Amino acid sequence: MEGGDSLKKSLALLHGVINGKIGHGLEAIVLQGLRVIHAEKGFMRFGFIVPNIVSDVDGNWNVGALASLLDVIGIATIYSFASRIISMVDFNVSYYSTIKIQEHVEIKSKVSANRGMLMHVVVEVRREGNGEVIAVGKLWTASNKLTFAQVSKL
């Protein structure tokens, strides 16, 4: 794991969400079983087995749960890069295939553009084994250039 302090803080925040200590609880359900395989500044790779709790009526991964996962991972990846408080300005998800619960997927997230106060991250979910693309999330965020420590002093 490479990337310094911003990466450590980002992973700590992500683990807090996964464990239900940060957020509203919905995120902990959606991220249940998420494993960090590799992390560096602006790039993360995860392993995930789709849990039963995020199933739709047909036994597929619910698209809302998948979108929530893409959102949280994208924000964590951007925070690992910028170590700043950010606001989402655009979030787009393209769904290419369905996936059943208890299937294994690989998730990659990468900051693909840094335009000063605007940043872009792409989060891609692929079926483990054959590499079939399940979904791609694209997030644009804006930064107010304050860190969490600076905000807490306000």
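**Helices and sheet**

Modeller: Let's begin with a helix pair: α1 passes α3 in a right-handed crossing. Keep in mind that this is a predicted model.

Colleague: OK, at what angle do α1 and α3 pack, and how far apart are their axes?

Modeller: The packing angle is about 155 degrees, and the axes are 7 Å apart.

Colleague: So how do you describe the directions of α1 and α3 relative to each other?

Modeller: Angles over 145 degrees count as roughly antiparallel, and α1 and α3 are therefore roughly antiparallel to each other.

Colleague: Which residues meet there, between α1 and α3?

Modeller: From α1 you have Ser6, Leu7, Lys9, Ser10, Leu13, Leu14 and Val17. On the α3 side they meet Val72, Ala76, Thr77, Tyr79, Ser80 and Phe81.

Colleague: Let's do the strand pairs. How many bridges join β2 to β4?

Modeller: There are 7 bridges joining β2 to β4, and the two run antiparallel. One example is Arg45, whose bridge partner in β4 is Lys108.

Colleague: And β4 with β5, how many bridges there?

Modeller: That antiparallel pair, β4 and β5, has 10 bridges. Asn114 stands opposite Met119 in β5. The hairpin of β4 and β5 has 2 residues between the strands, and Gly116 takes a positive phi near 80 degrees in it.

Colleague: Next hairpin, then: how many residues sit between β5 and β6, and which residue takes a positive phi?

Modeller: There are 5 residues between those strands, and Gly129 is the one with a positive phi, near 110 degrees. As for the pairing, β5 and β6 run antiparallel and are joined by 9 bridges. Met119 turns up again here, with Thr141 as its bridge partner in β6.

Colleague: What about β3 with β6?

Modeller: They pair in the antiparallel sense over 9 bridges, with β6 covering residues 133-143. Ser94 has Val136 as its bridge partner in β6, while Ser87 stands opposite Ala142 in β6.

Colleague: Now the inside. How many residues are in the largest nonpolar core?

Modeller: That core has 35 residues. Those with the most contacts inside it are Leu31, Leu34, Phe48, Trp61, Leu69, Ile107 and Val125.

Colleague: Which elements give residues to this core?

Modeller: Two or more residues each come from α1, β2, α3, β4, β5 and β6. The largest share, 8 residues, comes from α3.

Colleague: Take Phe48. What does Phe48 touch?

Modeller: Not counting residues up to four places away in sequence, the contacts of Phe48 include Val30, Leu31, Leu34, Trp61, Leu69, His104, Val105 and Ile107. Arg35 and Glu103 are also among the residues that Phe48 touches.

Colleague: Last one: where does Val54 lie?

Modeller: Val54 lies in the loop between β2 and α3. Val54 is buried, with a relative accessible area of 4%. Leaving aside neighbours within four places in sequence, Val54 is in contact with Ile29, Val30, Asn60, Trp61, Asn62 and Ala65.

Colleague: And how far is Val54 from Lys100?

Modeller: Val54 and Lys100 are 10.0 Å apart in space, C-alpha to C-alpha, and 46 residues apart in sequence.

Note on methods. Residues are numbered from 1 along each chain as its sequence is written. This is a predicted model: local features need pLDDT of at least 70, side-chain atom pairs count only at pLDDT 80 or more; totals for chains, interfaces and linings use all residues. Side-chain values use heavy atoms; hydrogens and water are left out. Two strands pair if DSSP finds at least two bridges between them. Helices (H or I, at least four residues) and strands (E, at least two) are DSSP runs, numbered from the N terminus. A nonpolar core is a set of buried Ala, Val, Leu, Ile, Met, Phe, Trp, Tyr and Cys residues joined through side-chain atoms within 4.5 Å. Buried means under 20% relative accessible area, exposed over 50%, partly exposed in between (1.4 Å probe, protein chains only). Contact means heavy atoms within 4.5 Å. Axes are lines fitted to C-alpha atoms, for helices over the stretch in contact, and angles run from 0 to 180 degrees between N-to-C directions. Angles under 35 degrees count as roughly parallel, over 145 as roughly antiparallel, 65 to 115 as roughly perpendicular and the rest as oblique. A crossing is left-handed if the near helix is turned anticlockwise from the far one by less than a right angle, and right-handed if clockwise.
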